[in-house]
Amino acid sequence: MKAALELQGIVKEYPGHPPVAALAGVDLRVEHGELAAIVGPSGSGKSTMLHVMGTLDRPTRGSVFIDGRDLSKMSDRRLSAVRSHLIGFVFQQFFLIDGMSTLDNVANGLLYSGTPQRTRRQMAAQALIRVGLGQRMFHLPNQLSGGERQRVAIARAVVHRPAIVLADEPTGNLDTKSSTSILDLLRDLNAQGATIVVITHDLEVADTLPRQIFVRDGRIERDTGRLEIAGADR
Amino acid sequence: MSRRADSAGRIAPSRLRLGDVFGVGSSGLRTRKIRTALSALGVTIGIAAMVGVLGLSESSRADLRNQIEALGTNLLTVSPGQGFGAGDGVLPADAVAKISRIGPVEQVADVVELDVSVLRNDLVNQNQTGGITVAAADTDLLATLNGSVAEGVWLNEASAEFTNVVLGSVSATRLGIIEVDRGVQVFIGGEWFTVVGVLEPFPLAADLDRSALVGKGVATSLFDTDLNPSIVYLRTPSESLDDVRGVLSATVDPAEPEEVSISRPSDILEAEAAADSAFTNLFLGLGAVALLVGGIGIANVMVIAVMERRNEIGLRRALGATRAHIRRQFLTEALLLSTLGGLAGVSLGAGVTAGYARFQDWEVVVPPEAVIGGFAAAVIIGAVAGLYPAMRAARLAPTEALRSA
């Protein structure tokens with residue numbers, strides 16, 4: 001059975017004397033349908049881990065597999081293709097494009113897959129309904145609350161039904177009420193089958209998720225394992 | 001999964017549709033409208049200057065050509081030769097009769113300069129002639145020159161015998177004569193002459209504009225002059241013009257043909273029309289400088305845009321954009337910016353040309369090469385200005401672009 005995401009012996013060093021190891025040998029397997037939190041203080045290497053998992057950065061050593069595909073020998077172009085088809089990103093700062101409607105921001109999730117605009121918008125509309133923003137399709141980002149913006153960003157991350165969604169501190173910029181509703185949304189999407197990895201420094205956030213992977217000094221310190229798998233394999 | 005991977009499980013490459021390249025490239029411009037307008041303005045001014053200068057010089061030239069066409073290019077003038085060894089320069093008195101015997105010649109008329117001056121009245125100092133020449137003219141002169149009368153009438157067989165005068169356009173102004181129907185008189189060579197007409201300007205015989213023309217009859221009887229022509233005007237069909245020109249000198253003065261000077265007045269206007277004015281080149285140069293500055297402005301704005309939009313670049317890379325997609329986005333943006341400026345510049349330049357040419361009563365000519373050239377210049381400027389910022393944007397590592405929030 002292919003894992004949604006697998007890291008094998010990942011080392012990431014930044015040049016220097018001696019080199020700084022951000023990741024010092026990480027092995028991790030995330031199955032389809034999981035909802036996991038990677039938890040650690042700042043500087044623990046969790047952001048680097050997200051970048052390596054998301055093919056935004058290459059490891060110094062080790063292999064990354066997404067949906068069973070070995071990414072280590074792929075060219076920059078192929079990695080872009082992997083991101084456009086297999087990975088969805090959610091960022092702490094939302095990164096919505098101002099002056100562009102909610103619908104088109106979500107449709108951007110399909111922009112680089114060569115999907116025609118009509119189809120993109122149809123799929124974006126469905127994704128917005130899934131995240132509970134069916135009434136906000138033609139609003140601009142600056143007309144939305146922080147929680148709503150993050151919902152738009154989540155809709156953009158899932159619109160192309162990726163193999164895995166990587167969420168980097170998705171509640172970092174939100175108040176408690178909005179945070180709770182975003183975590184509820186992630187659980188709902190997971191229940192519908194999405195594989196989601198949340199990177200957070202917040203233990204309270206991590207506590208609400210079924211699996212917690214504790215990271216410190218570039219290593220996995222503790223992994224609570226797959227306590228529960230919410231959705232069936234895709 | 002069929003859409004994203006083939007049967008061997010290989011992932012389909014990232015792809016940005018052609019229509020989307022345009023949409024992505026214009027999104028930055030749409031959200032920053034004022035900056036877009038200002039940065040396109042430099043190119044607009046440059047292109048407008050170039051199109052306007054070329055359009056105006058072309059329009060004025062077209063106007064001159066139209067004038068020449070209206071005046072006819074088949075007019076020749078015969079005058080006494082001037083210069084070393086050409087003697088006093090006098091044409092034989094029967095020159096007109098001889099020329100009219102040349103087969104193809106259609107019309108011929110002469111003017112005899114008189115050694116008298118025209119004054120507004122008898123109280124004016126005799127030496128203050130105002131540069132006006134008094135001359136005796138054939139009654140055929142007006143027809144030969146295709147001229148027309150602005151006020152009053154031209155001399156006829158009868159009026160040419162009496163003390164009547166017709167003034168050239170400049171002469172009338174200098175003598176302060178506006179209307180001729182009240183029997184205005186001027187003082188010529190000690191005699192009072194009645195002004196019966198004022199002529200329209202002669203572009204092909206500007207000397208006549210500064211003349212006062214009297215009949216040959218009255219000239220001989222009052223001023224005791226011989227009638228050796230100072231200048232002879234003749235018209236001939238265009239196709240036989242060269243033939244006529246070839247035999248003209250020998251016909252007028254068989255003994256000394258070298259003492260006869262022949263010219264074609266329209267040649268001078270033609271030369272004027274062909275000449276590029278120094279100002280045209282100067283303004284073209286200024287336009288080019290404006291265009292260069294506009295191009296640098298675009299490059300500058302694009303460099304700033306790339307820095308400001310690092311996050312957007314990072315996001316797009318995370319969404320699956322390749323380096324080439326990012327490069328294409330920013331290059332398209334620069335091209336759109338300069339194309340926009342170019343379009344506005346071409347319209348502005350053409351508009352200024354049309355407005356000014358109408359105001360001057362010229363034919364409106366906007367040379368297509370100026371329009372196409374201006375537009376092409378704008379596109380090239382955009383491509384050059386956008387290249388470096390686009391490369392920079394494409395080189396940006398996704399993690400770095402996302403980090404700088």
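A: The model is predicted, and what follows is computed from it.

Most of α5(A) is covered, with eleven of the 13 residues buried. The buried residues are A:E148, A:R149, A:Q150, A:R151, A:V152, A:A153, A:I154, A:A155, A:R156, A:A157 and A:V158. The cover over these residues includes two strands of chain A, β6 (87-90) and β7 (164-168). Helices of chain A also contribute, among them α3 (102-107), α4 (117-130) and α6 (176-191).

A:L186 belongs to helix α6 of chain A. Between A:L186 and A:I154 there are 8.4 Å in space, C-alpha to C-alpha, although the two are 32 residues apart in sequence. A:I154 is itself one of the buried residues of α5(A). A:L186 counts as buried because 23 other C-beta atoms lie within 10 Å, and the cut-off for buried is 20 or more. Apart from neighbours within four places in sequence, A:L186 has contacts with A:L35, A:A167, A:I196 and A:V198.

The loop between α5 and β7 of chain A holds A:R161. Its phi is near 50 degrees, a positive value in a residue other than glycine. A:R161 has 17 C-beta neighbours inside 10 Å and therefore counts as partly exposed. A second residue with positive phi is A:D217, also not a glycine, where phi is near 50 degrees. A:D217 lies in the loop between β9 (211-216) and β10 (219-223) of chain A, and is partly exposed because 14 other C-beta atoms lie within 10 Å.

Another backbone detail of chain A is the cis peptide bond between A:H17 and A:P18, with omega about -10 degrees. A:P18 is in the loop between β1 (5-14) and β2 (20-30) of chain A.

Now for the chain that holds the helix. Chain A contains seven helices and ten strands, and its C-alpha trace spans about 50 × 40 × 40 Å along the principal axes. The radius of gyration of chain A is 17 Å, which agrees with the value near 17 Å for a compact globule of 234 residues. Of those 234 residues, 50% count as buried. Among contacts in chain A with a separation of 6 or more, 71% are between residues 24 or more positions apart.

Beyond chain A lies its partner. Chain A and chain B touch through 25 residues of chain A and 25 residues of chain B. On the side of chain B, the elements that give two or more residues are α1 (18-31), α11 (310-318), α12 and α14 (398-403). That side of chain B has ten nonpolar, eight polar and seven charged residues.

Helix α12 (residues 323-359) of chain B also packs against helix α2 (residues 33-71) of chain B, at an angle of about 35 degrees and with the axes 6 Å apart. The crossing of α2(B) and α12(B) is right-handed. Their contact has 18 nonpolar and 14 polar residues, and no charged ones.

Terms used. Residues numbered from 1 in each chain as written. Chains lettered and ligands numbered in written order. Predicted model: local features only at pLDDT ≥ 70, side-chain atom pairs only at ≥ 80, totals over all residues. Buried ≥ 20, exposed ≤ 12 C-beta atoms within 10 Å, placed from the backbone. Helix = DSSP H or I, 4+ residues; strand = E, 2+ residues; numbered from the N terminus. Contact = placed C-beta atoms within 7 Å. Axes fitted to C-alpha atoms, helices over the stretch in contact; angles between N-to-C directions. Left-handed = near helix turned anticlockwise from the far one by under 90°. Nonpolar A, V, L, I, M, F, W, Y, C, P; charged D, E, K, R; others polar. Rg over C-alpha atoms; globule rule 2.2 N^0.38 Å.
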